[in-house]
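Subject: Model for you to look at

Hello,

Here is the structure I said I would pass on. My notes on the contacts follow it.

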Amino acid sequence: MNLILWLALAGVPAQSAPLDLATLEAQALQRHPAIRAAAAEVDAAKARAKQAGAWVNPVIGASADELRPREQPSGVFGGFIQQTIPLGGKLSAAKGVAASQVGEAEARLAESRQRVLFDVRQRYYALVVAEERLSVAKELAALAARTVEMTRQLINVGIADRPDQLGADAEAARMQARLAEAQTFRLAAWQRLGAAIADPALAPQPLAQSVSEALPVLDRADTLARVLAESGAVASADGALAVQKSLVTSEKAAVRPDLFVRGDAGGNRERADGRAIGPQFGVEAGVSIPLFNRNQGGIASATSLAIGAAASAEAVRLDVTAAFASAFAEYESARALAESYRAEILPKARLAYELHLAKYQEMVAAYPPVLQSERSLFSMTEDYLAALDRAWTAVSALRTAMAVR
Amino acid sequence: MSAVGVSAQKAAPARSSSAAAPPVGVVTPDVPHLPFTMDGGTKVFRLRAEPVRTEFVPGRVVDAWGFNGSVPGPTIEATEGDRVRIIMENRLPEVFAPHWHGLEVPVEMDGTPGISQPPIAPGESFTYEFTLRQNGTFFYHSHMAMQEMMGMIGFFIVHPAAAHQPAVDRDFGICLQEWMIHPNNTVPNTLAMEFNWLTMNGKAAPATTPIVVKRGERVRIRLINMGMDHHPIHLHGMQFVVTGTEAGRAAGPFGMRENTVLVGVAQARDIEFVASSPGDWMLHCHLPHHMMNQMASMVGPMMVDPGAPSAKVSGYPQDMWMPMDHLAGKKPELLGLPANWTGAMMGMMTLVRVVEPAMFDEIARLRAAGREARS
């Protein structure tokens, strides 16, 4: 365990290292109560598996037989030992059911881990975007304040009019409100991330990732195949199906009779030929005849439940496929939009701003176009961040095999 | 062809005392002269109408249209009675026709597209030939309106065989133009009705080349205007008389002394004066907006400190004081000017420098040697 991970797990934020997604993921996997709950379910299932297949305990007892009070001595006094021996693979079937229940619990644990990881990733990138949005909101608020001052100066030289000042004032107030909103959302984003890693006291600190991190390029067919193969929801459904199938096996095994064996030993106090009969022994063995009860109902019920579980697993795959379609469409459209902003729209908007600024600094152009182009740049940056937010949410879902469902 | 003409752009010769002496040549600062060849008794000039990339001030690139690589086009100089042939080639991407503004020519030579001739198609040429029966300040320009605003104008000076009396020692020509060009664009907006670049001979102050004369010399300045605005041209320090218009030499005597002459659109005005007062005298259009380059309000953080008392003064800021000596360069004509002389020299401005003979000779020597003025 490296130092940063240790610090993260210990709840001590590293002062110098920015908050890294991998560290947060490790912390969440270690701490999150949903995972601990799912892990406890696995432990319980494993314990049940140990119990499954255990033999029925033998019965030992005392017996008194042929007691005749008017004839003395009489009676047979002794003891017996009795054992039921399961036959027909019942123990094996029970072990199979238990093992499949362990598998199902493990699948739910994996699904739980996926959900936690999705939450961490989605909330981390949402936080990255929220931090950047806050920066942009601060810039816009400062820009609006400069516009107010610039408008005042324009009025002072007769170029602008009172309505222009009112418009600038209103815009500045609007930008202040948006700044407050951005601060609120940013705080909420930190708290949401803290909850995702089971550290509600997580304090704002520098983040390792930035919005400039390149979005991954995902192939539709490959990603769908991976999502279906790795989906925790699918695995859980398959686990439930496996349990139901093992229960069918178990119910069928139940039809086969168990062997009943009993051994007796005792002393017979009756006399024969003037002598006590003395010790005597007996053995009993038997099986039930599946004549009236062949567990038809149990088998039919388990079979129906298995059919239902298979249908449910298929339905889960369909649900995951549908969710994948939505997430991939969101990913593709948001990524294309974000890429368009990154590669074309923002560079052009930035260049427009820089050209206006350069000409103003050369004193050959006025200042208002500088502010206008700067505002356009920031406004477009906000749109870019919104697209990134959508894209990273979709990427997080796809990378965590559609844990969000 | 039996002879080749030469430019009269070099320093003008000294005035002849003879009343029958030929006139001095015209100097059009920053604009070349158009050479000619002789074909028998005919002076043959060749002009190309074409896109021209130029600079109003160093670094301020403009994609205009002109002639033979120059905006304004090169100055044609001829003498009354000359037979001239002008072979006009159209290297523009569209039709075009040149008009000989003020010259009395046969109508088929008038250059009015669709009336006197079909417009010259791209890649085609048209030959104009006529005899000059006037003398004075004329000009040639495209007769397509928007092409005019792209810069397509040039001087057509017709001298009398003998200099008008009293003869001038120095003769100059200045072409007035206005342009609308966005700060980050190089192409003029010819549809604009307001302008942000004002030029004299294709240069905006402080990049205009001053007129340099000796104290006591008689000077003529020919002003032509082909644009959208009229220009009241004002000379500091001296009075002048108007001796000619776009119709040629006016009838004397020239009694009304002035120091500001309104040069209307499509007009020419010749002004003459004796350079009696030594000094560096501004010559400029007096429309306030024509005394700036790329005019823009200077409100904003570069000029105004919101916390300073000046920010509370109504009307502040107004001044456009911006010394830019580096834009003027070190031309010999700038010799001896003080530092920051460019601070209020912008737009349609130049200087008439009336200097002592020694200074004049030093400037002439530097010009001849192709050297720069000392800083």
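How many salt bridges are there between chain A and chain B? The count is zero. Please keep in mind that this is a predicted model.

Contact between the chains

Polar contacts are present between chain A and chain B: six residue pairs, with both residues at pLDDT 80 or more. By residue type, the side of chain A that touches chain B divides into eleven nonpolar, four polar and three charged residues. Charged residues are therefore present on the chain A side, although the salt bridge count between the two chains is zero.

In total, the contact takes 18 residues from chain A and 21 residues from chain B. The area buried between the two chains is about 1800 Å², and carbon and sulfur atoms give 63% of this area.

Chain B is divided into domain 1, residues 26-164, and domain 2, residues 172-369. Taken over C-alpha atoms, the centres of these two domains are separated by 24 Å.

Where they meet, 38 residues of domain 1 of chain B are in contact with 48 residues of domain 2 of chain B. The buried area between the two domains is about 3400 Å², with 65% of it from carbon and sulfur atoms. Within domain 1 of chain B, the residues that lose the most area to domain 2 are Phe56(B), Arg60(B) and Met149(B). Together these three account for 23% of what the domain 1 side buries.

Between domain 1 and domain 2 of chain B, the salt bridge count is zero. Residue pairs in polar contact number twelve, again with both residues at pLDDT 80 or more. Several elements of domain 1 of chain B each supply at least two residues to the side touching domain 2: the strands β1 (26-27), β3 (42-55), β4 (61-67), β9 (136-142) and β10 (153-159), and the helix α1 (145-149). The residues on that side divide into 20 nonpolar, twelve polar and six charged.

Regards

Conventions
Residues are numbered from 1 along each chain as its sequence is written. Chains are lettered from A and ligands numbered from 1 in the order in which they are written. This is a predicted model: local features need pLDDT of at least 70, side-chain atom pairs count only at pLDDT 80 or more; totals for chains, interfaces and linings use all residues. Side-chain values use heavy atoms; hydrogens and water are left out. Domain bounds come from an automatic or database domain assignment. Contact means heavy atoms within 4.5 Å. Buried area is the accessible area (1.4 Å probe) that two parts lose on being put together, summed over both. A salt bridge is a side-chain nitrogen of Lys or Arg within 4 Å of a carboxyl oxygen of Asp or Glu. A polar contact is a pair of N or O atoms within 3.5 Å; within protein, one must be able to donate a hydrogen and the other to accept it, and residues adjacent in sequence count only if both atoms are side-chain atoms. Helices (H or I, at least four residues) and strands (E, at least two) are DSSP runs, numbered from the N terminus.
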